[in-house]
Amino acid sequence: MKVHSMRRHMILYLFGVSALMAIIYGILMNAYLINGLEAAATFEMKLEAARYAKNYQQNDKPPSPLSPHIAFYRGRDELPAKLRQLFPEGANKHQSLYIARDTPVSTTNEKGDFYIFMPYDLHDGQQLLLVKHFKKEYWQIVDPPNIDFLRFMAIPLGIAFVLIVLLAVRAMLNKLYKPINKLTTWAGDLDPEGLSRPLPNFGYQEVNGLGALLHSSMKGLADSLARERHFVRHASHELRTPLAVIQSNIELLSRMHPELPKPERIPFDRIRRATSNMNKTTETLLWLCLDDNRIPEPEAVALDVMARDLVSENRYLLDGKQVGVELVLEPTQVSTIAYGARIAMGNLIRNSFQYTAEGTVTISVKNRSITVTNINRSSHHIDNIGSDYGYGLGLILVEQITQKTGWQYSNEEIPGGRNATIVFRCASNSGDHDHDDLIIPGFRNTIG
């Protein structure tokens with residue numbers, strides 16, 4: 001899902017609104033300007049014509065115009081030749097305005113006199129022609145270029161209006177974003193010590209409410225994590241004592257009965273393996289629950305040797321299954337956390353053995369990494385609930401270990417199985433040994 005910027009969205013929205021307002025304002029300004037001039041001229045001309053018609057009907061004596069710029073003519077015969085040329089016979093509609101300018105023939109750049117012409121029908125059927133005349137020295141009062149100038153002023157005024165709106169919006173956003181940025185900085189620095197301090201005042205009720213909600217949620221989460229770590233730490237410590245007792249008694253029994261019969265040896269070995277796995281799980285949980293994220297000192301680890309040992313330890317999971325195991329092990333020496341590497345690699349190998357009933361498992365060690373791939377051709381004989389199922393936490397431990405150590409980990413589903421890889425840091429390949437492509441006897445063949 002695409003993520004949008006709130007600031008950009010608001011600016012674009014307000015810019016569109018202000019631009020639309022500026023366009024509407026410009027259109028209205030032009031309309032009111034032109035219509036206002038025409039309305040003023042029409043009013044004056046109609047007033048003069050109505051006064052003339054009233055006096056003419058009552059006294060049969062035409063009055064003189066009130067304005068020195070207006071002249072009365074009874075019919076087109078009284079019109080001067082120049083006006084008959086400027087206003088032809090078609091310009092005879094009652095109370096309609098006609099505008100014309102007398103442009104000298106010598107040049108089109110020189111501006112002549114300006115005329116407003118209005119016919120008015122009298123009661124006796126004659127037509128009064130009113131002409132408002134502005135000489136060229138006065139024409140600038142109603143000069144169309146000046147009108148055009150006023151009309152075109154709507155453009156810069158509209159642009160200025162949009163800029164003012166944008167500047168106002170920018171100032172408003174800057175003022176609003178200051179407390180939001182303050183909230184972001186405060187939330188980013190929120191730690192257990194910060195949770196114990198009073199909530200700062202961000203200047204706005206809404207931001208203060210959001211900060212209070214965030215503070216309450218973070219505090220609840222921190223308390224929950226603290227309780228969980230406290231419980232796991234104490235539970236792991238409590239498990240150490242019975243595990244040590246069980247492990248010591250297993251060793252004692254091994255010395256007392258070194259040659260157990262096979263029926264007793266099988267459950268005894270399972271008890272010993274389960275105890276060892278429980279002990280490793282306990283130690284891993286304690287390490288993962290360290291609050292200071294301390295990383296143990298790295299040790300030299302031969303990944304190929306460790307992988308071969310882990311395969312041998314977990315091969316009992318393949319008893320009775322038709323599974324072929326292929327090892328592609330290059331001698332690889334890395335400097336890393338030996339204990340964590342063994343737990344993580346062991347979980348991957350154990351998981352692949354556990355979830356393959358019939359198929360192949362390929363374990364590859366090279367380039368400071370281990371890759372475990374299992375392809376299962378059957379869903380039968382997979383023990384999902386047995387006592388030997390993983391470490392109890394399975395691949396969750398692998399993910400947590402790799403996150404804490406910074407190793408690169410991927411686990412993806414492929415047709416028929418999974419492909420998991422761990423890349424260890426601070427690794428260096430050793431060239432002292434030949435490459436080893438090894439098939440463990442009995443693993444490659446189909447087990448009946």
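## The cavity

The structure holds one cavity of 30 Å³ or more. This is a predicted model. About 70 Å³ of space lies in the largest cavity. Rolling a probe the size of a water molecule over the atoms shows where empty space is left.

Which elements each supply at least two residues of the lining? They are helix α9 (338-354) and strands β9 (369-376) and β11 (417-423). The residues that line the largest cavity include Leu 348, Asn 351 and Ser 352. Val 372, Thr 373 and Asn 374 line the cavity too. So do Leu 395 and Asn 411. Arg 418, Asn 419 and Ala 420 complete the list.

How many lining residues are nonpolar, polar and charged? Four are nonpolar, six are polar and one is charged.

## A residue in helix α7

Now to Asp 269. Asp 269 lies in helix α7, which covers residues 262-288. Is Asp 269 buried or exposed? Its relative accessibility is 17%. Buried means under 20%, so Asp 269 counts as buried.

The side chain of Asp 269 also has a polar partner. It makes a polar contact with the side chain of Arg 272, at 2.9 Å.

## The whole protein

The protein has ten helices and 13 strands. It has 448 residues, and 33% of them are buried.

Take the contacts between residues at least 6 apart in sequence. Of these, 67% join residues at least 24 apart.

The accessible surface comes to about 27,500 Å². Carbon and sulfur atoms account for 58% of that surface.

Key. Residues numbered from 1 in each chain as written. Predicted model: local features only at pLDDT ≥ 70, side-chain atom pairs only at ≥ 80, totals over all residues. Heavy atoms only, no water. Helix = DSSP H or I, 4+ residues; strand = E, 2+ residues; numbered from the N terminus. Buried < 20%, exposed > 50% of the residue type's maximum accessible area, 1.4 Å probe, protein only. Polar contact = N/O pair within 3.5 Å; in protein donor to acceptor, adjacent residues only side chain to side chain. 1 Å grid on protein atoms, 1.4 Å probe; cavity = no way out; pocket = protein on both sides within 12 Å on 5 of 7 lines; lining within 4 Å. Points joined across faces, edges and corners; volume = space filled by probe spheres on them. Nonpolar A, V, L, I, M, F, W, Y, C, P; charged D, E, K, R; others polar. Contact = heavy atoms within 4.5 Å. Areas by Shrake-Rupley, 256 points an atom, 1.4 Å probe, with all protein chains shown as cover.
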